[in-house]
Amino acid sequence: MDIVALGSGNPPLLILELLIRLKVREVMSTHLITATRRDTLRRIQNIMKEMRITGVPIVEHRRLFGLVSIDDIINALENGTIEEPAEKHMSTHMVVLDENMPLSLAISYFRKFSFGRFPVLNKDNEITGILTSRDINVALLHELTLELDRMETRTVTDLKTDDLHMFKVYHVGKYDFENAGKASTDIKRFLKNRGVAASIIRRVAVAAYELEMNQVVHSDGGTITCRIEPAYTEIIAQDTGPGIDNVDEAMKEGITTANEWIQSMGFGAGMGLPNAKRVANEFHIESSREEGTKVRVLIRLNEQKEGG
Amino acid sequence: MKCTDLTGEFEVLILPAPESEVSGGYTSDLLSDVMAHARQNDALITIQSHKNTVAVAALVGMSAIILCNSRPVPDDMAEAAAQEDINLFRTPDNQFETSCRLRRLLDA
């Protein structure tokens, strides 16, 4: 399998950036399949066959003692030592990676040494993972996809922006917590720069942020369309699905369908839609399995409202 | 009270706007709840150490975040705080104790 080789040709800047930014611990497999020193090579051969892996670290109490590779197994089969314990035949001359190493450095190890995998240790010398070139490819693909999404978010359709007129469409990605809040921050900045009252801006920001977060947390992705006129700000959040089964329930405070992971980040408290409605002068929601969810919020810029 | 007045009491992680006013506090780990109820120039007392917390604090005009229970702070959170002029503090205390300490500072 080929991996991006630093220094050979010119890898795109974006990939270079990723390689320097990503740490080994973010990329490695943490699901470790290990054996102990007393396990026989036969047993390790079976583990390799079952788990479809080509190297097994020999680990006891998180301490790394050696590595049995498929070459060691082949040698053992040839020499008739396959029933002997791992400790007699494992490789103990290993090159290990520090989990906080940047990926760029780890990749140079792949080029320097002809190993297919490197055990990864933390600062206490405990094994925390294993890094293969496959892990690197998967991580890079994943990061590049995220980066593409990000670039899409940044390509905002900017049709008209003068005094208190603006029309923009922001793209929001599913689970894109990285860019969550970008649309609301942009809208807020626009109003602030034009001297709109803080209490009004706050209501717009709350509505925009809640609708944006709803798309990040619950939808398959969507758009936030913002129109600002001297008299009002209108925000339309349209997503591509999956739709809300019971809109009345969703409008109640404390009712949520968010999973635990999302709740642990402080979202999904079931307050998003009620919050947005509370700060709005006009609020309309429609949702279906086929069309996804569309929420329209209008906030008049010259009219205070309780709850802002 | 200014954010600089908090520096003696809590660990300073980043102080991009030391002169920002702190006039109260809001203690919550639910970001939607913070959106709904926190006031301008409040300090947010929370354990939510990720960059979305900064976005919420900035959107409602809060001046500082105080992270409790010595929560580790991801780099991108500190970067976001620097960008949004949100002062970032940390303490080993829990949210209750931190709220009490902030109250005492505000009353002093």
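Q: Why is A:Phe118 called buried?
A: In this predicted model, in which local features need pLDDT of at least 70 and side-chain atom pairs count only at pLDDT 80 or more, while totals for chains, interfaces and linings use all residues, A:Phe118 has a relative accessible area of 0%. Buried means under 20% relative accessible area, exposed means over 50%, and partly exposed lies in between (1.4 Å probe, protein chains only); A:Phe118 is therefore buried.

Q: What makes A:Phe113 partly exposed?
A: The relative accessible area of A:Phe113 is 27%. This value falls between the limits of 20% and 50%, so A:Phe113 counts as partly exposed.

Q: Why is the aromatic pair of A:Phe113 and A:Phe118 called edge-to-face?
A: Rings of Phe, Tyr and Trp (its six-membered ring) pair if their centres lie within 6.5 Å; planes under 30 degrees apart count as stacked, over 60 as edge-to-face and the rest as tilted. The rings of A:Phe113 and A:Phe118 are 6.5 Å apart, centre to centre, with 70° between the planes, and the pair is therefore edge-to-face.

Q: Which residues form one aromatic cluster?
A: The cluster consists of A:Tyr109, A:Phe110, A:Phe113, A:Phe115 and A:Phe118.

Q: How do you know that the charged end of A:Lys112 sits over the ring of A:Tyr109?
A: A charge sits over a ring if NZ of Lys or CZ of Arg is within 6 Å of the ring centre and within 35 degrees of the ring normal. The charged end of A:Lys112 is 5.9 Å from the centre of the A:Tyr109 ring and is listed as sitting over it. Likewise, A:Arg194 lies over the face of A:Phe190, at 3.7 Å from the ring centre.

Q: What makes helix H9 of chain A largely enclosed by the rest of the structure?
A: Of the 21 residues of H9(A), 17 are buried, so the helix is largely enclosed.

Q: How do you know that strands S7 and S8 of chain A pair?
A: Strands (E, at least two residues) are DSSP runs, as are helices (H or I, at least four), numbered from the N terminus. Two strands pair if DSSP finds at least two bridges between them. Seven bridges join S7(A) to S8(A), which run antiparallel, so the two strands pair. Within this pairing, A:Val169 stands opposite A:Thr225.

Residues are numbered from 1 along each chain as its sequence is written, chains are lettered from A and ligands numbered from 1 in the order in which they are written, and side-chain values use heavy atoms, with hydrogens and water left out.
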